[in-house]
Amino acid sequence: MSINVTLFAQMLVFGLLVWFTMTFVWPLIRGAMEEREKTIADGLAAAEKGQGDLKQAGVEAGKIIEEARDQARAVLSKANARANDIVEEARSEGEVEKRKRLDSAQSELEVEINRARDELRQQVATIAIVGAEKILLREIDEVAHRAFLDQLAADL
Amino acid sequence: MEDAHEVNEGPASATDYIVHHLTNLDTEHALHTGLANPFWNLHWDSIFFAVTLGIIFVGTFYLAARKATSGVPGAWQNFVELIVEFVDTQVKDSFHGSSKVIAPLALTIFCWIFLMNFMDLVPVDLLPALGLLVGIEYMKVVPTTDLNIAFGMSITVFLLMIFYSIKIKGVGGFAKELFLHPFGKWMMPFNFLLKLVEELAKPVSLALRLFGNLYAGELIFILIALFTLSAGAHSLGENLTSVGTITAFIIQVILGLAWAIFHILIITLQAFIFMMLTIVYLSMAHEEH
């Protein structure tokens, strides 16, 4: 057990190994590890940010839905009012029309009645004349009594 | 006469066995010749296993590093990242300066020493027996049971400590630290002596702690292996399945298992301590007083 040149050989080998590890092993391994750590940290940060965004979006969506609901409610009530208006309008218009129709029918009826009456009067006159004609045919001259009979028909 | 010979053979072979296991394959043993200067008596086995394990370490880690992806890592990359993360945490906890060297240095120390210590868990006779087959007579397979290896690392760390002390504090600052603490300028020689002991104690304790633990561990493995060996030696002429041999075998298996399991803790702990103290010492070198 003696100290000799082996010691210096060992120092040389040691130095070479440290140099090799320092140059070719350590930086590559640590580099990969640090890169992975960074990737993971970034991923976590992104996830956290995403979660925040999601929460924000949820709040926003709630707000929008609430707004939409309000709007819908407003539209609905407006529509209801409008519908009521239309119905009311239609009803009053219908009423007016009805009255109008009724009136025109009434007047038409009256005209018709008058005409019928006139006609009837004419016919009655004619029948009376015809009757009278038949009765008087033998003794009365048609032309002589015509005016008298027409006067009678007009007074009827 | 024959009996006496056998009785003598027993203890003698046990001693031979232990000594054989504790002898490095140095140049003198490899070439069966003495060297003029024992300094050049390189421990080929220690260096061979240290280099091989070092190459295994950087090779396998380089495989992971080359294909390192920041996406989903594979099994091996995952394992490497686990160790790198562990070392990095230790460095960040203890060392507050910025240095590109310390973390890879700590990683190298931890993994390499662990692998070298791990050779202790390889059955003590396996590799030396294989070596004998190809004509290698001596082989110590655990490099960290070699003082040269342990000191080689601790002295390198020590040189780094001095380097960083000077780099961070400048020559003047470092000299001030050596001579003016803790007792002011009138006690300069005493301060220096104190500082010298303090600083030299670091690499010495670093190396001896590792060496001592592993050397003792290896020795105990060897002693446990002696159970059947000596029992077998005693009953060499008799039936090898005698009661004594079987008992010795069972005891050896139980003790070996227990010590190996305990040793898993030791080898990891020693690698960790070496790494930790290196970080702490270098961190102290970076700090101004």
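Trainee: How many residues of chain A are in contact with chain B, and with how many of its residues?

Mentor: 29 residues of chain A are in contact with 57 residues of chain B; contact means heavy atoms within 4.5 Å. Before we go on, this is a predicted model, where local features need pLDDT of at least 70 and side-chain atom pairs count only at pLDDT 80 or more, while totals for chains, interfaces and linings use all residues. Residues are numbered from 1 along each chain as its sequence is written, chains are lettered from A and ligands numbered from 1 in the order in which they are written, and side-chain values use heavy atoms, leaving out hydrogens and water.

Trainee: What makes R30(A) and D88(B) a salt bridge?

Mentor: A salt bridge needs a side-chain nitrogen of Lys or Arg within 4 Å of a carboxyl oxygen of Asp or Glu. Here the N to O distance is 3.3 Å, so the pair qualifies. Side chains of opposite charge can pair when their charged atoms come close.

Trainee: Why do we say that this pair joins two chains?

Mentor: Because R30(A) lies in helix α1 of chain A and D88(B) in helix α4 of chain B. Helices are DSSP runs (H or I, at least four residues), numbered from the N terminus.

Trainee: Is D88(B) buried or exposed, and how do you know?

Mentor: Buried means under 20% relative accessible area, exposed over 50%, and partly exposed in between (1.4 Å probe, protein chains only). D88(B) has 7%, so it is buried.

Trainee: What about K92(B), buried or exposed?

Mentor: K92(B) has a relative accessible area of 51%, so it counts as exposed. K92(B) also forms a salt bridge with D88(B), with the closest N and O atoms 2.7 Å apart. Both lie in helix α4 of chain B, four residues apart, about one turn of the helix.

Trainee: Why is E88(A) called partly exposed?

Mentor: Its relative accessibility is 46%, so E88(A) falls in the partly exposed class. The side chain of E88(A) meets that of R91(A) in a salt bridge of 3.8 Å, N to O.

Trainee: Which residues touch the most other members of the largest nonpolar core?

Mentor: They are L107(B), I109(B) and W112(B), in a core of 68 residues. A nonpolar core is a set of buried Ala, Val, Leu, Ile, Met, Phe, Trp, Tyr and Cys residues joined through side-chain atoms within 4.5 Å. Among the residues that I109(B) touches are F14(A) and F274(B).

How values were computed
Lists of a residue's contacts leave out its neighbours within four places in sequence.
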